[in-house]
Amino acid sequence: MESINSLKNRFVEAKKAAELRYNQGDYQGAMPYLQQAAELLGEIYRRDINQKNRELYVSIRDQITERFNHCKQELGLSPAPKKAAPRPAPVNKPAPGKPGSDKTMTVGDKQPEGEGKKTNGGIAEEDINYVVNGIDVKRFLVTESREKEVLFSDVVGMEREKRTVQRELFLSEEQKAFKASIGAKNKNFILLYGLPGTGKTYFAMALSNELRQFSGEDIPFFSVICTQVKSPHPGETENNIIAIFEFTKQFDRCVLFMDEFDAIGYSRQLATGDPTVGPAVNTLLTQLGGFASNPNLLFLAATNCPYNLDGALLSRASPKIEVPLPSAQVLQGTLERKLGKHLAPDVDLSAVAQRLEQSKFSNRDCSNLIEAIKDELIDAHEADDMIVSYDANMIKAALKKVTSSVKRDEEEKLEEFKAQYAE
Ligand SMILES: Nc1ncnc2c1ncn2[C@@H]1O[C@H](COP(=O)(O)OP(=O)(O)OP(=O)(O)O)[C@@H](O)[C@H]1O
Ligand SMILES: [Mg+2]
């Protein structure tokens, strides 16, 4: 495999060659070099795990894309650069005095570019109207995450699931046109289900980032935790749901991710004693109808207990993707990535991974175990600073502290669900 340094050298050369031609107005000549530089940068991005570098690569990638689009424009190859800018949306003005109303701007009323401007998927925060129908939608959105930049290459295993979504969503213009010509339905309501800590949220983030990279557009990703959307007060859950869906209409393209979806999509049949469930599900169904008709919007939902979801919601979700417990191979990959550099020769990671698989460790359990192993090393190093690697005893000690979080009854219910709904 080519080294990252060699990739970086080739990238610098390609970028230099592109800039020389671009500055001379040779747009035709610059384009292949820009393309080559973008491809090399993509590969460097995938391989370099340093978060700071990755942020820098994204800004360089954006610069290259801008130049490439400018070249195309100059050569009459495209009318205007593509960007998922906010568009005027029928968003109601907030009621005076409501939270956040003082910060609200009219959509499209742009402020001058400034340094340190916060963006969401490349769109300036100031251009986004967070107050919809008097509800401050921002309080539902999960904005900060360590894992914002994860890609499919970071998601260990799940190759079949990655292929499934790629087949459905990563389509060329020709493929889209063909699908439209035969009246094929848009698959833009995807359900991710699986036991706690298996990686549903992680997968959703990676999918959204891949989509952004594939399309070259700034597709914003809005993540909502449904337990925060649900309210015990009649009518409030429905209003919150409507506000969130209305909010997304400001964007030509976007991903809406509803985590812990069962909190608002609970089965009307099962919830006989809770009068707030029926109206919430009805509202979701109406709002999802609007989403389904727009191929540029993607709705992702995740749940640990799909068997509690309302049947009408389940029948609309396709594909329904199970995020399984990790195999020994996947667990070994994670252990190697996180501990491999400082491993003592007496450690057999393959045997550890087999044991974790048998004990039904989720990815989160595995992450917890890795932290516990690190703690063991820190303690040992404090006692003797010659100890700098993870040995078999540390792993044994950590395994006594961390156990699987999987519950047998949850696993059984999921098995039953899978048997009924597997696609
Ligand atoms: N396929 C994977 N490859 C590598 N790491 C993973 C993978 N899946 C999950 N992880 C790690 O496990 C952690 C837990 O995953 P995540 O929070 O996505 O689980 P979840 O299924 O959404 O859990 P919950 O049901 O509690 O919401 C992540 O923070 C990530 O570090
Ligand atoms: Mg989650």
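Trainee: Which side chain does the side chain of Thr 276 join in a polar contact?

Mentor: A polar contact is a pair of N or O atoms within 3.5 Å; within protein, one must be able to donate a hydrogen and the other to accept it, and residues adjacent in sequence count only if both atoms are side-chain atoms. Here the side chains of Thr 276 and Lys 230 are joined by a polar contact of 3.3 Å. The model is predicted: local features need pLDDT of at least 70 and side-chain atom pairs pLDDT 80 or more, while totals for chains, interfaces and linings use all residues. Residues are numbered from 1 along each chain as its sequence is written, chains are lettered from A and ligands numbered from 1 in the order written, and side-chain values use heavy atoms, without hydrogens and water.

Trainee: Is Thr 276 buried or exposed?

Mentor: Buried means under 20% relative accessible area, exposed over 50%, and partly exposed in between (1.4 Å probe, protein chains only). Thr 276 has a relative accessible area of 12%, so this residue is buried. By contrast, Tyr 33 is partly exposed because its relative accessibility is 29%.

Trainee: How do the axes of helix 4 and helix 6 cross?

Mentor: Two packed helices are described by the angle and the distance between their axes. Helices are DSSP runs (H or I, at least four residues), numbered from the N terminus. Axes are lines fitted to C-alpha atoms over the stretch in contact, with angles from 0 to 180 degrees between N-to-C directions. The axes of helix 4 (residues 159-169) and helix 6 (residues 200-215) come within 12 Å and cross at roughly 40 degrees.

How values were computed:
Helices (H or I, at least four residues) and strands (E, at least two) are DSSP runs, numbered from the N terminus.
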